[in-house]
Structure formats: C-alpha cells, structure tokens
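Let's take a walk through this protein, starting with one term we'll need along the way. Have a look at the model first.

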Amino acid sequence: MPFRRDMLLFLGASALAGGTSRTLASPLTAASQPDLRGTIDAVEYRAVPEIGDRKIRNLEQMIRQAAAENVPVFLPPGTYKISNLSLPDNTRISGVPGASRIVYTGDGHLFAAENIRRIELSNLVIDGGNRWLGDYAGGLLQFTGVDEVLIDNCEIGGSRKHGLQLERCGGRIERSRISGAAQSGLYAVDSANLSIVANTVSDCGNGGILVHRWRQAEDGTVVSGNRISNIRANDGGTGQNGNGINVFRADGVMVVNNQISDCAFTAIRANSASNIQISSNQCRRSGETAIYVEFAFEGAVVSANMIDGAANGISIANFDEGGRLASVTGNVVRNLTLKGPYAHEVGFGIGIAAEADTLVSGNVIEGAPRWGLQIGWGPYLRNVVVNGNVVRKAPVGCAVSVAEGAGTAVITDNIFQEVGEGAVLGFEWDRQISAEMAGGSAPYAQLTVERNRVS
C-alpha cells in the first residue's frame, strides 16, 4: 500500500512533538484542518523546527520546488529559526494558526520578494524578535513589485522597522495581527488594487497603517474593518507620525468601518489625497485631530464617523495649499480637549473646521471647549455651507472668518445650545470682531446667517 504524503505530514508533526502517531489525540477539526492534497511539507525536506543553516537551505529548496510545481508548502507546528529568504514567484506557505512559528535570527531580512506575480502566506506566526534589520530592509517582510500579495490569518510582531512593507504591490492583507513594530505596522507605497481588511494593528512606534505614494496619483486602496490601537509618535513631529491610518498623495482611497483608538496624533489623516472617502469609523482618544484632511487635495467625503475624545474633531484644511471640495455630514463629535501635542496657530478644542467649497451638514457636536464649528481662517474661506447641525456645550457655537479677503459662507438652520460666548460670531483670525449674528443680523455681505435656533 503506498504511503500517502499527508500521512507523512501528520506522522512527522507527531514526531516533532516527541511521540508516535498515536500521540495525536486532538487532531485538527474539519473546519481548521488545512487542505493538504498536493502539499509539500517541511518534514519531508528535513526542514524541521529549530533548523540550522543547512536546514534553512533545505527549506529554501523546498519553497522553490513547491513554487515550480504550483503547490503550497505546509509548516507543521514548531519554531523555524531563519533569515534572509528570498521568495520565488508563486510561493504559498501555510501553517497551523498560532503554532507554526517563523522566528527571525537577524543579519539582514526575514522574507523578501521582488518583481514577481504572486506570494501567499497564511496561518503563520512571524516573529522579528526586535533584531537588527539591514539598511536595505524597510520591514521585517518586504515585497516590491508583487502583483498579488496575499497574507491571511498571520501574526507579525517584533520588527525593528515596519512590520510589513509593500511597494508597487496589489493583493489582500486580511485577518492578520501586526504588533510591536518600531515604525508602522503596515507601510504600503505606490499600491495597485490593494485591500487591507479586518486586521488588528497595535502597539507600534510611529504609525498603524500607512498608504503612501512617491508622487500624487490614483491609488484605490481599500482600508476596511481594521482595529488599530496604541499608536505612538516616537520620532516626534507635528503629524507625520502617530497616526492610526495615514494616507499621503494616494487618490481614490476608501477608509471605512475601522475601529481606531489611542493614537498619539490622528485616527485618520489624509494629506494631499484627493477623492478620499472616510466613512463609518470609530475614532476614540486621539491625541490631536481625530480626522484630518489637509494640504493639496480635491474631493473628500467624511461621513457617519463617531469621534469620542480628541484635541480637535474633524479638520478640512489648507485652502492656502489647494485643499478644497469636501462633504462633512452625519458625524458625531464629542468630548474634546484644549490640550494638544504641540503649539498650534489656530489652537485646539474645535469640533469641525472647514475652509473651501465644503458642505458641513447634519453633524452633532457636544463638548468642544473652544469652538463648535470653525468656518474659514483669515482670508482662507470660500463657499462653505453650514446647515442643520447641532452644537452643544461650546463657548462659541460657530466661529466664521470675516477677515479681509474671506469669501462666502451660508450658516442656516442650525441649533446651538449652551454656547456661553455666542452662537455665530465673526472672527479676524483668532480675534472676535462681531456681535452675535445667529438671528440673521450679519453685517457682512459675504455671509448668509438665517433661521438658527439658540437655547
């Protein structure tokens, strides 16, 4: 009777545990058992846990043969100590969730691949051990020019740089846990049709998920359903670090349905990113502005987000840099603070701020300790509509710029409650220069202020 390869796999896994085949008293359930038909396994190549230099070569040989034969590699439970593996096209490596551990031994990089079609990693624990990475390595796992990177149900931890770095890649990063990276958990630059879905990213030194481009262009990455927490800004700055999700120069990105908490700066920050959609996210305890759309962008939708705890709530900024054209609707912003991580020219404690070609409608703001709404800054105001919002418990309900050069704003049908200093007031930069205007007595031709209720 021929000896089946999958039987060899399970017997080998049992032997690694120190017993015979009868010691496998608790086999994998049908739901979690990998499909091993046609699989090449590590035992067959003597690439067993705690492998040394020769067995690293065996493992690399096994990966290359499996890729050539278009079959996956399966790593039985155990610890595989390796480094400096360059993965060939069509690599597929899987293991037993939580039990198949790949531990980086230092001296360069762990996994890398360049200019190939497909890489797939699943059900693996990948541990960088905070060991040194070569100057050429941006992350513990680094893939460049890979059409499809598929990473599913993996744990990636302990990187001295980024946990996972992707450049010019597409594919899916999903259901994985990335933690303990000195830089960001996931850094993706110049992506193409990339999806980052249902991951957990935590305890990283400078960022959570970064979607960047070297030059502004269409990107189309989807960042959805992720849980991001405890993101620090170890390298300092005024916003380049410390963000849960950071989109830079990447157009057409969707950031939806994420849970983000305890970021040193911003939960979601979009810098020079046009046609961005930021919707239905939970943003809690942000150190600076919870949702920031800034610098040279055209087109942003910020809707149905829940913000609880931040220095500022939502900022649509930098008309002076070309930032314009946004819709801010249906958000809830509450429990803000005057204290931010640096000295800011405008200041903190502002619920929602907008400058140019923007609709601000149907939002609820409660507990903004400076201004509930900030409309324009100095001359940087054009075509802003503020309609149907509820603002409670703010010294000033709506601060609108009436400085020389400021453009048109329409402020109608809003409700202001417990606004001790005024509901709608005109400001020249940070200096109040008008009396109350909420009742429709605006003395400025560029302003329409009507039908607001103050209680």
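A residue counts as buried when its relative accessible area is under 20%. Keep that cut-off in mind for N331, which sits in the loop between β30 (324-329) and β31 (332-336). The relative accessibility of N331 is 0%, so N331 counts as buried. What does N331 touch in there? Leaving out residues up to four places away in sequence, N331 touches V302, S303, A304, N305, I314, G362, N363 and V364. With V302 there's a polar detail too: a polar atom of the N331 side chain lies 3.1 Å from the backbone oxygen of V302.

The largest nonpolar core has 103 residues, and F111, L121, L141, F143, V247 and V424 touch the most other members. Strand β9 (residues 139-152) gives the most to this core, with six residues. Zoom in on V424 and, neighbours within four places in sequence aside, you'll find contacts with C398, V400, I411, F416, A435, E436, M437, A438 and V449. Another core, of nine residues, lies apart from the largest one; A353, A399, L425 and F427 are among its members.

How far can you trust all this? Remember that this is a predicted model. The protein averages a pLDDT of 90, and 88% of the residues score at least 70. Among its elements, strand β34 (residues 364-366) has the highest mean pLDDT, 99, while helix α1 (residues 5-16) has the lowest, 32. Over residues 1-36 pLDDT stays under 50, and the model has 36 contacts beyond four places in sequence for that stretch.

Notes: Residues numbered from 1 in each chain as written. Predicted model: local features only at pLDDT ≥ 70, side-chain atom pairs only at ≥ 80, totals over all residues. Heavy atoms only, no water. pLDDT = per-residue confidence, 0-100. Helix = DSSP H or I, 4+ residues; strand = E, 2+ residues; numbered from the N terminus. Contact = heavy atoms within 4.5 Å. Buried < 20%, exposed > 50% of the residue type's maximum accessible area, 1.4 Å probe, protein only. Polar contact = N/O pair within 3.5 Å; in protein donor to acceptor, adjacent residues only side chain to side chain. Core = buried A, V, L, I, M, F, W, Y, C linked by side-chain atoms within 4.5 Å.
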